[in-house]
Amino acid sequence: MTTLADEESVQAPSKMSGPRAWIAPLIFAMVALYLSTLVPSIEIAWVTAMLLLTIYLFAFEVVSVDLAAITIMVLLGLSSLLAPVMGLEQGLVDTRHLFDGFSSNAVMSIIAVMIIGAGLDRTGIMSKVAGFILKVGGTGEARIIPIISSTVGIISSFMQNVGAAALFLPVVSRISARSGLPMSRLLMPMGFCAILGGTVTMVGSSPLILLNDLILTSNKALPPEQHMDVWSLFSVTPIGLALVATGILYFVLAGRYVLPGGARDQGAKASDTMQYFQDVYGLDYCLFEVVVPAESRLVGKNLDDVESQERIRVIAALCHDELCIGPGSLARDVGIEPGTVLGILAAPYNLKAFVEHYGLTLRRDIETFTESLAATKSGIGEVVIPPGSSLIGKSARDVWLRKTYGIAMVALHRNGETLREGEGIRDLPLQAGDTLVVHTTWEALARLEQNRNFVVVTTEFPHEELRPKKVYWAGLFFGIALFMVLFTDIRLSVALLTGAVGMILSGVLSVEEAYKAVSWKTVFLLASLIPLGLAVETSGTAKWIAEQTLLVVGDMPLWVIQAAVALLATFFTLVMSNVGATVLLVPLAVNIAIGAGANPAVFALTVAIATSNSFLIPTHQVNALIMGPGGYRVADFMRAGGIMTVLFLVVSMLMLNVLF
């Protein structure tokens, strides 16, 4: 299994050269100096400067985003020491709370849900989900993206969006490996739709969960005739569904232009071993799937009757729902019956002749063996017969090589010459130094590493230890965690950690595997940004920015004022927690709406929805989660997320005004 931590790509920061190396920081410095003349206090001036520095480090990737976030956190801590020099009475953030982000509800929830996702993946559940999606959607990007994105969007409408995204991360990784689609083409649509799915119900995101409490609090300060009604569970469903649909359509139609994908993509990819063996041994083999019709002349024959003659190699068979692949199942005496599905490794021209000769049905894609012959489960490898092997002097036919060891020999390399299927390779006595090119499951190949009769040359294959017997324990603790999230008032982190710890204690995962499942880059990125959000909120910076913005649009039409409120919420959610932005802006939005003669409940809902509009930079938990596995850079989020941000504002404003 490719764990989340393994998938993270170490991205070198982009090196600015030429004029950009000094023009960009100079512009940011000038903006900071100008703003310092406008702000009402020196504390707000310093926090504004920190905000601009963060934006600069993120936008130009002077260092990696996690290092940039840690740097900002350290600078905020140093402000306590340098307060007299900076003209402050105290630091921008109390050092006793500087590292609170590492124990925050959000960060602990992300750690827990990564472990839960890894546990489910270890049992093989996620592999089956990936196989089902590939069976329904094929391997085309235009079909896979809507299936993945819509599924995650619906799931995130009833649970935290970062949880839905983390649970589907192993699924997307496997789909990427099997379809050959880069992770960068799949993860961002999935992540964005997880965020959008949080707007489908009133329990989909923290701001919407909090909104009704904030409305009741605001009602205490309002006269009875201005009291607002609370929103019901599905009040926002039409808006959320419209946003999810917009996100899916956006990536289906424009994904080829805005999604990264190329040489720098570091996500999981299908193992291209065929090219290697073609270059080294001249084997131009491909994997095919054929169905045997009832009227075919192949019915009644055994595999041994046709393989050598037709120069093909059967590596999997399905008959009467019985799958034959691996040791102890597939052998040369397996009979072929009507409706049998065969997985065949052969040169295209040999396969074509075989299909025409026996009147078989050749499928365009792998359907039946999507799961069992996936690149993550099986492939071509090399094994050598060492001196002292008990197989020396015996042929592959003598030892029933495919049935006994689960390896189907497709070529034999001896003394610089490569012999192929159809050239009697299974009848040749094996010699010390023979290299066997075989198709095998990775599980069988891993067992051969412990067998003294072989030396396994292929080393870079998935050494995956699935634990299907632990599926009930994994399902039990996942169900317990999900129940606690949906039907109790316990903190999200505690509920999810219950499931994570349960999986470890029950043996679904070992402690070491749990640690490896965590994306520590994501953890440090989010935990280090939380103090900045605290400084923005406690220093009065957020309130001052909101007041200045609303002074500008105060006399404009209602829809302009509402749009300004949404823009403010969008901006604040990029630099502070969405909960903090909601708590800050809802009271302001209510007062503005009352003063302008608008519906205050709708303005409050505008804020709660707009705080999900967090696509521009990877500060949202979901964006931080997918950044490493997808090999994304900040520029990728700015390109794809910039357009998504505008679409979010347009669609949400339109739906809000149509419905309310």
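Which helix gives the most to the nonpolar patch? I looked this up and found that helix α18 (residues 471-487) does, with three residues; helices here are DSSP runs of H or I with at least four residues, numbered from the N terminus.

Before going on, I noted that this is a predicted model, in which local features need pLDDT of at least 70 and side-chain atom pairs count only at pLDDT 80 or more, while totals for chains, interfaces and linings use all residues. Residues are numbered from 1 along each chain as its sequence is written, and side-chain values use heavy atoms, with hydrogens and water left out.

**The patch.** I listed its members as Phe 158, Val 203, Ile 209, Leu 233, Phe 234, Phe 483, Leu 486 and Phe 487, which together have about 760 Å² of accessible area on the surface. I then looked at Ile 209, which sits in helix α11 (residues 206-219), and it counts as partly exposed because its relative accessibility is 43% (buried is under 20%, exposed over 50%, partly exposed in between, with a 1.4 Å probe and protein chains only).

**Ser 156.** I found this residue in the loop between α8 (141-155) and α9 (161-179), and it counts as buried because its relative accessibility is 0%. A polar atom of its side chain lies 3.0 Å from the backbone oxygen of Gly 153, and one also lies 3.0 Å from the backbone oxygen of Ala 194.

**Helix α27.** I noted that α27 (residues 634-659) has 26 residues and reaches 35 Å from its first C-alpha to its last, close to the 38 Å expected at 1.5 Å a residue (1.5 Å times one less than the number of residues). I also found a kink of about 35° centred on Gly 641, the bend being the angle between axes fitted to the seven residues ending at a residue and the seven starting there.

How values were computed: Patches are made of residues with over 30% relative accessible area and no salt bridge: like charges are joined within 9 Å, nonpolar side chains (Val, Leu, Ile, Met, Phe, Trp, Tyr) within 5 Å. Accessible areas come from the Shrake-Rupley method with a 1.4 Å probe; for residues, only the protein chains shown count as cover. A salt bridge is a side-chain nitrogen of Lys or Arg within 4 Å of a carboxyl oxygen of Asp or Glu. Helices (H or I, at least four residues) and strands (E, at least two) are DSSP runs, numbered from the N terminus. A polar contact is a pair of N or O atoms within 3.5 Å; within protein, one must be able to donate a hydrogen and the other to accept it, and residues adjacent in sequence count only if both atoms are side-chain atoms.
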